[in-house]
Amino acid sequence: MNLEKFTQKSLQAIQEAQSLALSYKNMQIEQEHLLYALLTQKDGLIPEMIRKLNINLEGMIKAVKEKISRLPSVTGSGREPGKIYVSSKVEETLINSETIAKNMKDEFVSVEHIMLSILANPSTGLSDLFRDYSLTEDKFLLSLQEVRGNTRVTSENPEGTYDDPKGQPLRKEVYPR
């Protein structure tokens, strides 16, 4: 996995997932942490895509946070302060997101690639969540194609260039993903 090929917003989401895992005293970063970071990213593409799919974003965020609160936590001498691992599922997710980016002919891994990777192979808990919210990889991809069109991710700091089908910018502000 080459983190130099991840956009700033993708790296920000990974760092936020790590911070979240540390704050919940979890031993490793799980997909739930990564999904929560994507769903709550300020001016992020993923929250906008979830809203565009008419999914209750706030409800989904609350449900993911509840799942995080149920993950095993470690305190005391069994935990090295500030040390956290990446679960094999998250490592697989990030590696697969690189493949998704390549298949979409993108030069960098953006948040949508990570989200598609989570949707393609979710943990058991997230699989149930996605089913509850009727969110599928196909639905997300179709909506993303409407928004992206032929736009490609060609820099580590791409601006908000995606439009909705009516030609209006999807995001109100220009920001790095």
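Colleague: What makes helix 5 and helix 6 partners in this predicted model?

Modeller: Contact means heavy atoms within 4.5 Å. In helix 5, Glu92, Thr93, Leu94, Asn96, Ser97, Ile100 and Ala101 meet a set in helix 6 made up of His113, Ile114, Leu116, Ser117, Ile118 and Ala120. Sorted by class, this contact has seven nonpolar, five polar and one charged residues.

Colleague: How do the two helices lie against each other, in angle and distance?

Modeller: Helix 5 and helix 6 pack at an angle of about 120°, and their axes are 8 Å apart. Their crossing is right-handed.

Colleague: Why is Ser123 called buried?

Modeller: Buried means under 20% relative accessible area. Ser123 has a value of 14%, so Ser123 counts as buried. Ser123 sits in the loop between helix 6 (111-120) and helix 7 (124-132). Not counting residues up to four places away in sequence, Ser123 touches Gln31, Glu32 and Lys89.

Colleague: Nice! Now, what makes a group of residues a nonpolar core, and how many residues has the largest one here?

Modeller: The members must be buried residues of nonpolar kinds, joined through side-chain atoms within 4.5 Å. The largest such core has 43 residues, and Met115 and Phe130 have the most contacts inside it. Among the helices that each supply at least two residues of this core are helix 1 (8-23), helix 4 (57-69) and helix 8 (137-148).

Colleague: Which residues does Met115 contact, leaving aside neighbours within four places in sequence?

Modeller: Met115 is in contact with Leu35, Leu38, Ile46, Ile50, Phe130, Leu135 and Phe140.

Definitions and conventions. Residues numbered from 1 in each chain as written. Predicted model: local features only at pLDDT ≥ 70, side-chain atom pairs only at ≥ 80, totals over all residues. Heavy atoms only, no water. Helix = DSSP H or I, 4+ residues; strand = E, 2+ residues; numbered from the N terminus. Buried < 20%, exposed > 50% of the residue type's maximum accessible area, 1.4 Å probe, protein only. Axes fitted to C-alpha atoms, helices over the stretch in contact; angles between N-to-C directions. Left-handed = near helix turned anticlockwise from the far one by under 90°. Nonpolar A, V, L, I, M, F, W, Y, C, P; charged D, E, K, R; others polar.
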